[in-house]
Amino acid sequence: MKNIVVLISGNGSNLQAVIDACRQNKIDGRICAVFSNKADAYGLLRAKQADIPAHVISPKNYADRQAYDEALKHTIDQYQPDLVVLAGYMRILTSDFVQHYLGRLLNIHPSLLPKYPGLHTHRKAMENCDTEHGTSVHFVTEELDGGPVILQAKVPIFADDQEEDVIKRVQTQEHNIYPLVINWFVEGRLSMINGKAYLDGNSLPPQGYAVE
């Protein structure tokens with residue numbers, strides 16, 4: 001069974017979706033540890049309730065991002081992870097950290113990449129009068145939210161929507177597709193080769209896996 005480490009910064013709703021999927025045998029793996037950069041992250045409680053080791057590593061204790069990521073990497077590696085999953089982890093990773101886990105580091109981002117990397121994606125989509133929005137699971141590379149996309153899910157934006165409506169709609173899709181992609185990886189179906197995502201040996205298009 002594959003070892004999965006999850007990094008969070010906040011509520012941890014995607015963490016919960018992965019915990020539930022593992023319990024339901026929808027992911028052929030186990031979460032062996034959860035890490036947060038914030039002591040008050042609710043996701044830490046989710047981990048503890050699921051009897052998963054939960055760690056807080058505070059950036060305040062380190063001189064810079066490099067020192068922080070070195071400490072984080074050292075502690076993560078004690079769990080011998082096959083996959084590291086970012087689930088609402090709100091720190092920009094250093095190049096050394098990304099390279100250390102390259103090809104086994106996943107992120108979920110609340111936009112239809114390459115649209116709207118970074119923060120406030122829902123607001124940007126609404127301000128630009130987009131009629132659809134969504135979420136993307138991608139491999140992490142040194143380019144912020146720029147790694148190869150594996151799978152996307154689209155949601156509509158309606159004229160009378162508030163930002164919270166769009167957020168909830170996107171999160172529902174996130175909770176569906178992230179466990180699916182994680183299982184693809186742990187089953188050995190998904191890989192990153194020469195900067196491209198491959199599923200079942202086939203190179204995925206820029207927007208990731210698509211099926212009619």
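The model is predicted: local features need pLDDT of at least 70, side-chain atom pairs count only at pLDDT 80 or more, and totals for chains, interfaces and linings use all residues. Residues are numbered from 1 along each chain as its sequence is written, and side-chain values use heavy atoms, leaving out hydrogens and water.

**Helix H1, residues 13–23.** Nine of its 11 residues are buried, so the rest of the structure largely encloses H1 (buried: under 20% relative accessible area; exposed: over 50%; partly exposed: in between; 1.4 Å probe, protein chains only). Among the buried are Leu 15, Val 18 and Ile 19. Show strand E1 (2–8) and helix H6 (163–186), which are among the elements covering them. Then step to Asn 25, which follows H1 with a positive phi near 60°.

**Salt bridges.** The whole structure has seven (Lys or Arg side-chain nitrogen within 4 Å of an Asp or Glu carboxyl oxygen).

- Pick Asp 130 and Lys 115: N to O is 3.2 Å. Both lie in loops, so the pair ties together parts 15 residues apart in sequence. Asp 130 is buried at 14%; Lys 115 is partly exposed at 42%.
- Pick Arg 123 and Glu 163, at 3.6 Å. They link helix H5 to helix H6, 40 residues apart.
- Pick Glu 132 and Lys 154, at 3.7 Å. Glu 132 is in strand E6 and Lys 154 in strand E7. Lys 154 is exposed at 53%.

Terms used:
Helix = DSSP H or I, 4+ residues; strand = E, 2+ residues; numbered from the N terminus. Contact = heavy atoms within 4.5 Å.
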